[in-house]
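Student: I would like to learn how to read the packing of a helix and a core. Where do we start?

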Amino acid sequence: MFRVSGVSKAFLAAALSIGIAACSAPESVREDGVGAAQVGPEMAQAFPTFVSLNPCTDAILVEVADPEQILALSHYSRDPSGSSMDTAVAREFGVTGGTAEEVFALDPDIVLASSFMQPASRAALDDLGFAVESFGITSTPEDSFAQIEQIAVLAGHPERGKALIERIESALAQTAPREGTPQVSALMWQSGQIVPGETTLISHLLDTAGFTSDSKRRGLGQADFVSLERVIIDPPDVLLVAGNSSGQSHPMLERLERMQVETFDANLLYCGGPTIIRAAERLSEIRQRALGETAG
């Protein structure tokens with residue numbers, strides 16, 4: 001596939017090799033020593049190959065593409081604090097630090113990137129002639145379904161995208177509260193003691209799981225700060241702690257008998273795809289425990 005017009009690929013490879021050699025980003029090889037570019041020629045001809053630079057697209061890509069199609073995932077997916085997928089699975093694939101030099105060396109057919117990608121990095125990939133597909137943050141499961149379908153079609157496996165969507169829909173249906181069950185107010189307390197906006201995916205999932213928004217009751221919007229004092233004075237039924245600031249770990253929180261305190265994995269807050277299943281299951285578990293305490 002010829003991408004670069006007016007400049008020879010050999011010249012670019014030589015020029016970029018200096019940057020690749022000096023780069024301190026994670027290695028673009030699997031931990032078992034298999035190079036990411038060691039892909040069977042049959043697969044390379046049959047389906048496109050990918051480099052994903054976004055942890056959210058990482059999680060979707062491994063569900064809908066053949067392993068041989070995935071040349072590298074983002075380095076975030078190997079980091080437990082930033083991964084939206086099983087880090088053990090992520091370590092089965094190559095990894096990059098997201099530089100244009102690394103992408104050029106792997107030579108994928110398609111690059112999956114975030115819509116918040118640095119303009120300079122995007123320009124470099126465009127100049128090199130790579131097909132870049134950008135994905136934004138999803139605010140509803142339906143938004144996520146559209147991304148899943150798009151990535152599955154790009155990978156040449158639309159049926160796998162449909163299967164993943166069905167799994168997510170099933171999880172949402174199974175974890176939804178029964179009609180007539182009591183309402184439970186919840187405050188999602190993210191890192192930095194801020195709350196999500198009402199149009200975010202996690203707020204949508206809280207509503208689907210049968211929680212009422214305590215931040216909405218307080219008149220708060222996206223990234224508004226909530227102090228420890230405000231929580232103690234006017235507590236919700238459930239406080240979901242998705243951060244580790246001093247206020248979020250204060251012993252006073254555990255002394256409020258009328259408020260249930262639960263930790264919530266921050267990795268479940270931002271990505272759609274299969275992450276929705278884990279988030280829905282965790283929220284259902286928390287809600288059932290809250291109702292059990294209320295009923296008991």
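Student: What do the buried residues of α3 pack against?

Tutor: This is a predicted model, in which local features need pLDDT of at least 70, side-chain atom pairs count only at pLDDT 80 or more, and totals for chains, interfaces and linings use all residues. Residues are numbered from 1 along each chain as its sequence is written, and side-chain values use heavy atoms, with hydrogens and water left out. Helices (H or I, at least four residues) and strands (E, at least two) are DSSP runs, numbered from the N terminus. Buried means under 20% relative accessible area (1.4 Å probe, protein chains only), and contact means heavy atoms within 4.5 Å. The buried residues of α3 pack against β1 (50-52), β2 (70-74), β4 (110-114), β5, α7 and α8 (158-175).

Student: Why is α3 described as largely enclosed?

Tutor: Because eight of the ten residues of α3 (residues 55-64) are buried. Among them are Cys56, Asp58 and Leu61. At the N-terminal end, Asn54 caps α3, with a side-chain oxygen 2.8 Å from the backbone nitrogen of Cys56.

Student: Which residues touch the most other members of the largest nonpolar core?

Tutor: Nonpolar side chains tend to be buried together in soluble globular proteins. A nonpolar core is a set of buried Ala, Val, Leu, Ile, Met, Phe, Trp, Tyr and Cys residues joined through side-chain atoms within 4.5 Å. Here the largest has 46 residues, and Phe211, Leu240, Phe264 and Leu283 touch the most other members. Helix α12 (residues 275-295) gives the most to this core, seven residues. A second, separate core of 15 residues includes Val111 and Phe130.

Methods
Buried < 20%, exposed > 50% of the residue type's maximum accessible area, 1.4 Å probe, protein only. Polar contact = N/O pair within 3.5 Å; in protein donor to acceptor, adjacent residues only side chain to side chain.
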